[in-house]
Amino acid sequence: MRFVRRHLLTLYAILAFAYLLVPIGLVILFSFNNPTGRYNYTWRGFTLDHWRNWDGVPGLREAMTLSLEIALLASIVATVLGTLIALALVRYGFRGRGGTNLLIFLPMATPEIVLGASLLTLFLNLKVFLGFSTILIAHIMFCISYVVVTVKARLVGFDRSLEEAAMDLGANEWVTFRKVTLPLIAPAILAGALLSFALSIDDFVITYFNAGSEVTFPLFVWGAARVGAPPQVNVMGTLIFVVALGLMVLNVLLQRTREGRAAT
Amino acid sequence: MNDVLTRQELLRRAALGAGLLSVPGLLAACGGSSGGGGSKKELADTLVFSNWTYYMDKDKKTKKWRTLEAFKKKFGVNVKYTEDINSNSQFFGKIQGPLSRGQSIDRDLIVLTDNERFLATMIDKGWVEKLDKDALPNIQNLVDVQKSPPFDTHRDYSLPWASGMTGIAYNAKLTKPVTSMEQLLEDKTLKGKVSVLDNISDTLGLVMLSNGDDPSRVTDDTFKSAIGRVKTASDSGQLRQITGNDYTGPLANGDLAACVAWSGDIDQLQADNANLKWGIPKAGGMIWTDNVLIPKDGDAYTASVFMNYIYDPEVAAKLYGTIHYISPVKGSREALAKIDPETAKNELFFPTEQTLSQVHLIDPTFLKNQSYNEQWQAVLGA
Amino acid sequence: MGFFHRHRGLTPYLLLAPGLAWLAVFFLVPLGFLAYQSLQSGSFDVAYAFDWSWGNYWDALQRYHEQLTRSIIYAGLATVFALLISYPLAYWIAFRGGRWKNLLLIMVIAPFFVTYLIRTLAWQTILADQGPVVGIFRDVGILGDGGRLLATSTAVVAGITYNFLPFMALPLYVSLEAIDHRLIEAAEDLYASRLQAFLRVTLPLSLPGVVAGTLLTFIPAAGDFINAELLGTPKQTMIGNVIQSKFLELGDYPSAAALSFTLMAVILVLIAIYARALGTEKLTG
């Protein structure tokens, strides 16, 4: 009983992760399935075929690559733009604060279908070619708000005395920002970037309207999934998940070595 | 004069297996106008074709589209094939933006279904190019019943790609055979285990037939009684859900005992659950056809040459024998019987005259009626 | 650096400029067009014409107040559940995650790598009538004999909760991670129990994260349509479904636009009330 009480939180966390990842587990499991028909609903038998043949569905790899490129670029740009806005909102007084906050909330409140269609109208009126750049523009647009709100949450409780101390010790504004502020709000910036990445890689409706003839991973899957997605779709999803985890593990291990070296 | 010369050139070169016809002189000689409306008599390098999923035959070994590769070999045209159409309304919602502004959607061929309003709307609004009939001698192979549909009476703009039937599927392990909409909508033993489709033609068509009415001639009264039955079933909880094409999951795993379903899905579903059966209701079923269109600024000539290739019974036999949807090409069943007699006999993919006499087309003016559509959307909860 | 000293007043505007410019061009302009469209009338057959059609808005409130209300309720419930589920999880990652924090955060957003539709379909399999979850619920008695989880409001709310969990968890983590542990130690030194320390120190300090998470979950959830479409019946449709229907099936762009603005207005009113209740500093900093 003592054990449970002490580790209650950890047990809860495990359950919570299980809840989050159970559908993923199912997806991973069915990537090893060997369906006879086009549907992947019933377990037929274990096979590595679809893993060996991961590139066997025409267009799937290109769709995944496109989605990753856009997600990466969009989250970087949106994070930069959003962090700047968050800094301005929390630290400075200026006219138009209310309007700015409104402008930040509105994109989140607008239903995707009308947002996507109206953005398309803009692009059509400007006679812009629909493709990579229009998808990217759209994704950056709807990610900014999420970054702003996330980073603001960190800035609101920020203890300015640390910055004041640094400046008292002779650091100018820029150095203070770089060496004191930024590291302290880094987790928030990372969280904002992660949310943007997730939003971008998962977006369907807005992308659908503004993609022209390009096909992103959600666009590819959305069409296939309802009529029977090939197991390679499951393989792709699993691969991304595993690669992302792997990168993080690598990151942790590298940190260890860096700290180890610094200690010596 | 020039046109005839060009076509003979084309046939000659094709026979020699030469491939691409891209001599500038030919283009100048034929004097075709550029841009929308005019027909270029030169084959393009690429044909951009947007279609639904599972409508093209994939070669398991080479991972390429067999029919498209064969076409490329014969005519030197690379077909850029994307399966990005999964809903008529969604796809139309996307392309109506550029089309309504007179802009191109960068596609040469798209496919829309005749049991929703969007196909007719495309033609009515003039957002399509005319087929190049000179390049389409095989159009004579079009089955008679498709020769003059109400939305395109002279087949100037569209050609069928594939057809399917709408009937009732049921799980033999969970229920006795379900062969009528009465059972589906009113049999209490099936309560909460049945569903209908959110497609107005598929569902209301079947209900009208069950009422003894003709879905190809809809009146306010027949509409009212049909929609009334569905609404009652939905409100009372008889219907588990009203779904799009995502009924397949619940049907396969047993959440649904019976539902309105398409013929093309069922043989694939049976691989997952052998207890599933499909049939045309006693009162009659519906038939729908996915048609190809050439959107504005699409290359009508190359697209027509492509469709002409498809409408060759030998080519059609191989294509439809693999994708398992109903072929619109006369003689394709006979051609398939020579290489794959089993599939050629399958009623689902190559229905006999007898079967075809049991399925009905929807009234096209019904589709365009905004009030009917609004009422149906209200039943769906919107 | 002298530039910024001399032009201190300019700094906020310089910081805001790039992001706001982006939003101005790629959001406000389209929104303007949408506003214009909301005052039009027309559909696929009737040409769209601008005629100050305020009736669209009146229509929206009158005919669809049920879906509007339902959307707010579902989104609200999903937000509360997401908060309850995510808070302990975010706490655990922030306080006990150590060097693995980033890895754990990735695992929180991992579901997004497999596309909305596939996640929801996976839940359709897990919560199937013949599946294990429903089986357990029936045995335990939560569900009646013929009861089901899918095609119910429970399924829809559960789906929304699940899909927006990261939007709640990540901001919560951001706040919790920043808490100086010495404050908690100090509280305990002053004879506070673990629970008191949590309630008096941790919880208040994490409030900005709670607010952020609530906003990032509730606001987009209110406009969701896919969960109701796949996991619900016509009795569970949300305003998002109505807007989809008006736009795609009926070509009634003016109604879709008016409905969208109505939704946005309702959300903004609710946020204003929320901000009032909390005290605006928490929201705007």
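Tutor: We begin with a definition: a residue is buried if 20 or more other C-beta atoms lie within 10 Å of its own. Please keep in mind that this is a predicted model.

Student: Which residues are buried in helix α17 of chain B?

Tutor: In this helix, which spans residues 370-379, the buried residues are Asn373(B), Trp376(B), Gln377(B) and Val379(B). Seen down the axis of α17(B), they fall within an arc of 150 degrees, so they line one face of the helix.

Student: What covers the buried residues of α17(B)?

Tutor: The cover includes α7 (200-210) and α8 (220-235) of chain B, together with α12 (239-249) of chain C. Just after the helix, Gly381(B) has a positive phi of about 105 degrees.

Student: How many residues of chain C are in contact with chain B?

Tutor: Contact here requires C-beta atoms within 7 Å. By that criterion, 24 residues of chain C touch 23 residues of chain B. On the chain C side, α12(C) gives the most, with 6 residues. By class, that side has 11 nonpolar, 9 polar and 4 charged residues.

Student: At what angle do α9 of chain A and α4 of chain C pack?

Tutor: Angles under 35 degrees count as roughly parallel. Helix α9 (residues 173-202) of chain A and helix α4 (residues 101-109) of chain C pack at about 30 degrees, with axes 10 Å apart; therefore α9(A) is roughly parallel to α4(C). Leu190(A), Ala191(A), Leu194(A) and Ala198(A) meet Asn102(C), Leu105(C) and Ile109(C).

Terms used
Residues numbered from 1 in each chain as written. Chains lettered and ligands numbered in written order. Predicted model: local features only at pLDDT ≥ 70, side-chain atom pairs only at ≥ 80, totals over all residues. Buried ≥ 20, exposed ≤ 12 C-beta atoms within 10 Å, placed from the backbone. Helix = DSSP H or I, 4+ residues; strand = E, 2+ residues; numbered from the N terminus. Arc of directions from axis to C-beta. Contact = placed C-beta atoms within 7 Å. Nonpolar A, V, L, I, M, F, W, Y, C, P; charged D, E, K, R; others polar. Axes fitted to C-alpha atoms, helices over the stretch in contact; angles between N-to-C directions. Parallel < 35°, antiparallel > 145°, perpendicular 65-115°, else oblique.
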